[in-house]
Each structure stands twice: as C-alpha cells, then as structure tokens.
Amino acid sequence: MSMKGWLARLAAGTGLICAALSAQAYTDTSKGYNLPTGVTEISQEVFTLHMWIFWICVIIGVVVFGAMIWSIVFHRRSKHPKPADFHESTTVEIVWTALPFVILIAIAVPAAATLIKMEDVRDADMTVKVTGYQWKWHYDYLGEDVAYFSTLTAESNAARQLKSGVDVNAVPNYLVDVDNPLVLPVGKKVRFLITSNDVIHAWWVPEIAVKKDAIPGYVNEIWTRIEQPGTYRGVCAELCGRDHGYMPIVVKALPEAEYASWLAQQKGGEAPTETSAIVGEPIEVAAAPTQTASDAAVDAPIEVAAADAAQAPSKDALVQKGESVYKANCAACHQANGTGLPPNFPSLVGSSVVTGAPVAQILQLLKGKNLMPPFGHLSDADLAAVITYTRNSWGNDAGIVQAADVAAQR
Ligand code: HEC
Ligand SMILES: [Cu+2]
C-alpha cells in the first residue's frame with residue numbers, strides 16, 4: 001500500500017475510534033471512561049469544563065503531532081537530501097507565543113469562574129461537619145443534635161477478609177456501601193466542614209463534584225446543592241493507612257419532606273429508618289433512665305420492664321445490633337467467630353474478661369489496652385450492644401449490658 005493510502009487508513013481508523021469513544025463518553029458517563037456529569041450545577045459545570053479542555057487538548061495534539069508526522073514523512077532524507085536552512089521567523093515567533101496565551105486565557109477564565117463558585121459557601125441552608133477517622137467517616141448535622149459514624153457495611157467487610165470464601169461479585173455495592181449513609185435534602189445548599197481526627201483523608205463524591213482534603217487541625221469548607229434524589233457513592237481519596245480502601249462514602253439525597261421526617265426520626269431516637277437498619281439508629285442514645293449505675297446493677301442482667309422496653313433494648317435487639325458493630329469494629333482482630341489471632345489478638349470465646357464482671361470489659365473498650373485501641377468514640381448504645389454480643393455468642397453466656405452501664409463508666 002502506498003504511504004498516502006496507509007495514512008488515509010490510519011486517519012480514518014483513528015477517527016472512528018475517537019467517535020466511538022466520545023459517543024460512549026457522552027451517553028454512559030457513570031460506568032464509562034469519562035467523568036460523571038453529576039447531579040449538581042457545579043458538577044455539570046465541571047463536566048463541561050472538562051470536555052471543553054479535553055477537546056482543546058485533542059486539537060493541540062492533532063496539530064502538533066500532525067505537523068511532526070507530516071514533516072517526518074514528507075521531508076525525510078530520501079525525499080529531501082538537502083534540507084532547507086531558514087531560521088528566525090518573527091511571524092512564527094509571535095504566533096506561537098500569542099496562540100498558547102489566548103488558549104490559556106480561554107481555559108482559565110471559565111475555570112476560575114467555576115472554582116470561585118465552588119468556594120462560595122455563603123448563605124448555606126444547613127451545615128454538616130464531616131470528620132475522617134481511620135477508617136470511617138463521622139457526620140455531624142450542626143445545630144440538629146444528630147451525629148453518627150458511617151462505616152463499610154458488615155457484608156462488604158466480611159467479604160473482603162483474606163480467605164473469606166465470599167464471591168465479591170455477588171456482594172451488592174461491594175466496598176462502596178455503608179451502614180449509615182449521609183442523608184441530605186434535595187435542592188438545599190449544604191455546606192460541609194471537612195476535617196480529620198487522625199491522618200489526612202479526603203472526602204470525595206464524584207457525582208456531586210465534592211472532593212476536599214480532611215486534615216487534622218484544619219477545617220476545610222465546600223458545599224453542594226443536589227438536584228436529583230438518589231444515592232451517590234464515593235471513597236476516601238487520600239492514602240490514609242491500611243484500610244484506606246475500606247472507608248467509602250454514600251450520600252442519600254431525599255426530597256425535602258422525606259429528609260425532614262428522616263431528621264425528625266433521628267432526633268426522636270425512634271426505630272431505625274431503612275437507611276440505618278443494619279447498625280440501628282445512628283444517634284447517640286441517651287442513657288436509659290431506668291437503671292442505676294451501681295456495680296450490682298451492672299453485674300446482674302437487668303430484667304427489662306415492658307414499659308421501659310422502648311428505652312432499654314432487649315437482649316435479642318442488643319445482640320443483633322452488636323453483631324454488626326462487632327463486624328465493623330472488632331472482627332479484623334478478634335475474627336468473626338471470636339477466636340482471635342493468638343498470641344497477639346486474644347480469643348473472646350470463654351475469655352475471663354468477657355465472661356467476668358461487665359465493668360472490666362466496658363473499661364477495656366472505652367480505654368483500650370496495649371495493642372487494642374480504645375473505642376470511646378462509639379456511642380453508649382453501640383458499645384452496650386457489642387459487649388452484649390460478645391457475652392452471648394460462641395458459647396459465651398454472661399448476661400447483657402445496657403447503654404446506661406457504659407455511660408456510667410465514661
Ligand atoms: C486492633 C486490634 C483489635 C481490635 C480492632 C479490637 N481488639 Fe479487643 N483486643 C485486642 C488485643 C491486642 C487485646 C489484648 C489486650 C491485652 O490484654 O494486652 C484485646 C483484648 C480484648 C478483650 C479482652 C480479652 C481477654 O480475654 O483478655 C476483649 C473483651 C476485647 N478485646 C473486645 C473487643 C471488642 C468488643 C472490640 C470491638 C469493639 C475489639 N476488642 C476490637 C485487639 C483488638
Ligand atoms: Cu481515609
């Protein structure tokens with residue numbers, strides 16, 4: 001084939017591939033190769049900017065490589081054994097200085113406008129403080145008295161363990177699902193205050209175009225206004241240690257009325273909503289007023305009077321909730337079946353601490369011990385549940401612990 005024919009084919013082929021890729025990019029943005037267009041005004045602006053700059057780069061690439069290839073092919077030595085020897089063209093110098101300048105301005109002006117908009121957190125309708133932890137997120141609805149942790153679902157967490165034997169393709173939303181998603185209203189300007197409790201994390205949800213570092217000692221600001229109800233997933237975007245890949249983010253955007261009732265429910269501490277069914281109500285449950293904090297009361301499993309059942313959960317409820325708290329927080333060291341990884345991580349099966357007086361176990365969980373980190377950041381209710389779970393699993397039978405018992409030791 002002649003050189004010309006070959007070039008024509010190459011050009012046609014490249015054109016087809018480009019066309020196919022860009023069609024793909026525009027139609028299937030969530031699963032394709034491109035950025036998602038997202039569900040906020042800003043995310044759409046970011047997407048448009050991205051495409052605009054992408055095509056500028058494509059044109060520059062085609063022109064530069066085109067000139068290069070053209071020169072290489074048509075001015076090769078066999079064709080032009082005696083090269084032309086011109087230099088210094090003022091016109092060319094001016095053109096190739098002015099043109100990039102114009103292109104950069106054409107990129108910078110709209111990009112700066114969007115950046116300024118992103119930073120403008122004034123007149124927010126509500127504020128959520130987002131705190132990164134190794135390896136989970138904490139959400140605090142400022143002024144609402146609603147705050148909770150959001151961790152990888154027990155299902156994903158169990159499946160990810162070495163030799164879990166679970167087919168991860170069968171786990172829905174494997175590694176991008178959490179127990180308690182961040183619930184936000186649609187159409188409201190939500191300001192985020194983003195910080196960290198330990199190392200640098202980054203809170204990133206592509207579909208709402210929010211990506212901000214969470215730095216200990218600093219509070220970064222950003223905002224969003226979600227336009228479409230739905231579930232939007234993200235991940236921590238700053239390498240933050242061993243489990244960096246296991247602290248996903250889920251934002252659930254609800255229509256305003258639904259959001260309002262969800263919020264009311266969180267404040268009332270009512271039955272867990274469907275969004276938090278796995279770990280139970282994410283609020284810090286106030287100490288149940290029915291119990292005294294004396295050691296006697298702690299030692300003896302407390303009979304829950306029917307009238308107080310709403311306040312102090314039953315053994316079954318505690319064990320059920322405790323299991324998911326355990327899977328999320330303890331199983332990595334003590335293993336799902338409680339046998340631990342001796343000699344470093346002791347077995348909880350028949351452990352004297354687990355089967356002994358609850359106070360010792362409560363204190364060990366609140367304060368930590370040697371290699372075991374403290375778990376004081378968990379709510380009283382979660383701690384009571386997980387302690388009850390360990391006391392009543394794997395053959396252990398050592399009574400229950402309520403939130404008030406935990407509160408008494410804080
Ligand atoms: C990072 C690993 C790690 C995690 C996570 C962890 N533990 Fe431990 N745990 C330990 C280690 C290490 C010890 C032994 C501490 C010692 O005595 O030096 C221990 C001891 C214990 C003991 C006392 C056992 C005994 O017989 O001495 C209990 C009870 C316990 N852990 C419960 C829990 C619960 C409940 C959780 C989850 C909320 C949890 N642990 C999470 C590492 C861990
Ligand atoms: Cu992180």
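**Sheets and metal sites in a predicted model**

Five strands form an open sheet in the order E4-E10-E9-E6-E7, with mixed pairing; two strands are taken to pair if DSSP finds at least two bridges between them. Helices (H or I, at least four residues) and strands (E, at least two) are DSSP runs numbered from the N terminus. The edges of the sheet are strand E4 (182–185) and strand E7 (210–214), each with a single partner strand, so one side of each has no neighbour in the sheet. From one strand to the next, the twist averages 25 degrees; axes are lines fitted to C-alpha atoms, for helices over the stretch in contact, and angles run from 0 to 180 degrees between N-to-C directions.

The model is predicted: local features need pLDDT of at least 70 and side-chain atom pairs count only at pLDDT 80 or more, whereas totals for chains, interfaces and linings use all residues. Residues are numbered from 1 along each chain as its sequence is written, chains are lettered from A and ligands numbered from 1 in the order in which they are written, and side-chain values use heavy atoms, with hydrogens and water left out.

Trp 203 has Cys 236 in E9 as its bridge partner. Helix H5 (residues 256–268) packs on the sheet and touches E4 and strand E10 (249–254), its direction making about 135 degrees with that of E4; contact means heavy atoms within 4.5 Å. E9 also runs antiparallel to E10, to which five bridges join it, and Gly 230 stands opposite Ala 253 in E10. Strands of a sheet pair through backbone hydrogen bonds, either parallel or antiparallel.

The copper ion (ligand 2) is coordinated by four residues, namely His 201 (ND1), Cys 236 (SG), Cys 240 (SG) and Met 247 (SD), at 2.0 to 2.6 Å. Donors are N, O and S atoms within 2.8 Å of the metal (3.2 Å for Na, K and Ca); water is not among the atoms, so sites may look incomplete. Angles of 93 to 127 degrees among the four donor atoms make the copper site tetrahedral. Four donors count as tetrahedral if all angles lie between 85 and 135 degrees; four count as square planar and six as octahedral if opposite donors are over 155 degrees apart and all others between 65 and 115, and anything else is irregular. The spacing of the copper donor residues in sequence is H-x34-C-x3-C-x6-M. His 201, in strand E6, and Met 247, in the loop between E9 and E10, are 46 residues apart and link distant parts of the chain. His 201 counts as buried because its relative accessibility is 0%, and Met 247 is buried with a relative accessible area of 1%; buried means under 20% relative accessible area, exposed over 50%, and partly exposed in between (1.4 Å probe, protein chains only).

Strand E1 (residues 126–133) is mostly covered, with seven of its eight residues buried. E1 runs parallel to strand E5 (residues 190–196), and seven bridges join the two; Thr 127 is the bridge partner of Arg 191 in E5. With strand E2 (residues 136–141), E1 pairs in the antiparallel sense over six bridges, and a hairpin through two residues joins E1 to E2. Tyr 133 stands opposite Lys 136 in E2. Val 128, located in E1, counts as buried at 0% relative accessibility. Leaving aside neighbours within four places in sequence, Val 128 has contacts that include Tyr 139, Leu 182, Leu 184 and Phe 192. Val 128 and Leu 182 are separated by 54 residues in sequence and by 9.3 Å in space, C-alpha to C-alpha.

Overall, the protein has twelve helices and ten strands. Of its 410 residues, 39% are buried. Of the contacts between residues at least 6 apart in sequence, 63% join residues at least 24 apart.
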